[in-house]
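Visitor: I have a model open and would like to learn how to read it. Could you walk me through a few features?

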Amino acid sequence: MRIVIAGGHGRIALRLERLLSARGYEVAGIIRDPEQGDDLREAGAEPVLCDLESASVEHVAGILQGADVVVFAAGAGPGSGAARKDTVDRAAAVLFADAAERARVRRFLMVSTMGSDARREGDEVFDVYLRAKGEADDHLRTRLGLEWTILRPGTLTDDAGRGLVRLEAHAGRGPVTRDDVAAVLAELVETPATAGLTLELVQGSTPVSVAVKDMAGN
């Protein structure tokens, strides 16, 4: 199985790349800074250079040819302004979904965030961010050629993962480690029966594999 991850140098993406490569998958991570390539190789992933803020749908579709699963884990990141929330968190995600559909990739995982809402009001950067993520999620749901799952983690932490989570349509607000987000994504890669679901994720008491299987049965 070939898996391509947008935002391949992100803190969740690098964790996910390590997990997936350890399971024997062929993993590629899209980055725009060639100096990040060694970090991806260390994680077991092939670095692919592409700037999703300026690339065409056709170019990205070419990169995704032959992929079995794609993951959008890119983000403008903390400290970025409202303009990049739009160009990365919304526009790049929309581009990636369109390119995946054009490349005939079936499985698409979106790393969103708790509180994403295209109708979010307000002009603060965080409002723009939640609106951008919500618009990207809404667009993905219209891509009829994709078997998508949207994952909306709570407040991200760099604490060591516990492998115990709460994964539900409405999990309620709370923290979750990046380790556990990556672990859930790795399980979602292997659980296509979660297609069509939007899931919230926080720390909890259910083992990751069990939590994902429970949602696949709903």
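Predicted model: local features only at pLDDT ≥ 70, side-chain atom pairs only at ≥ 80, totals over all residues.

Visitor: Where is the place of Arg 104?

Guide: Look at the loop between H4 and strand S5 (107-111). The backbone there deserves a glance too: Arg 104 has a positive phi of about 65°, although it is not a glycine.

Visitor: Now helices. How are two packed helices described?

Guide: You take the angle between their axes and the distance between the axes.

Visitor: Which residues of H1 and H6 make the contact?

Guide: On H1, the contributors include Ile 12, Leu 16 and Leu 19, and on H6 they include Val 181, Ala 182 and Leu 185. Charged residues take part as well, among them Arg 11 and Arg 15 of H1. By class, the contact of H1 with H6 has 10 nonpolar, no polar and four charged residues.

Visitor: How do H3 and H4 pack?

Guide: For helix H3 (residues 57-64) and H4 the angle is about 60°, and the axes are 8 Å apart. That makes H3 oblique to H4, and their crossing is right-handed. Val 60, Ala 61 and Leu 64 are among the H3 residues that meet H4, whose side includes Leu 95, Phe 96 and Ala 99. The contact of H3 with H4 divides into eight nonpolar, no polar and three charged residues.

Visitor: What about rings: how many aromatic pairs does a search of the whole structure find?

Guide: The search finds three. In one of them, Phe 72 and Phe 96 have ring centres 5.8 Å apart and planes at 50°, so the pair is tilted. Phe 72 belongs to strand S4 (residues 69-72) and Phe 96 to helix H4 (residues 82-102), so the pair ties together parts 24 residues apart in sequence.

Visitor: Are Phe 72 and Phe 96 buried or exposed?

Guide: Phe 72 has 0% relative accessibility, so it counts as buried. Phe 96, also at 0%, counts as buried too. Ring pairs link Phe 72, Phe 96 and Phe 108 into a cluster.

How values were computed. Residues numbered from 1 in each chain as written. Heavy atoms only, no water. Contact = heavy atoms within 4.5 Å. Helix = DSSP H or I, 4+ residues; strand = E, 2+ residues; numbered from the N terminus. Nonpolar A, V, L, I, M, F, W, Y, C, P; charged D, E, K, R; others polar. Phe/Tyr/Trp six-rings, centres within 6.5 Å; stacked < 30°, edge-to-face > 60°. Buried < 20%, exposed > 50% of the residue type's maximum accessible area, 1.4 Å probe, protein only. Axes fitted to C-alpha atoms, helices over the stretch in contact; angles between N-to-C directions. Parallel < 35°, antiparallel > 145°, perpendicular 65-115°, else oblique. Left-handed = near helix turned anticlockwise from the far one by under 90°.
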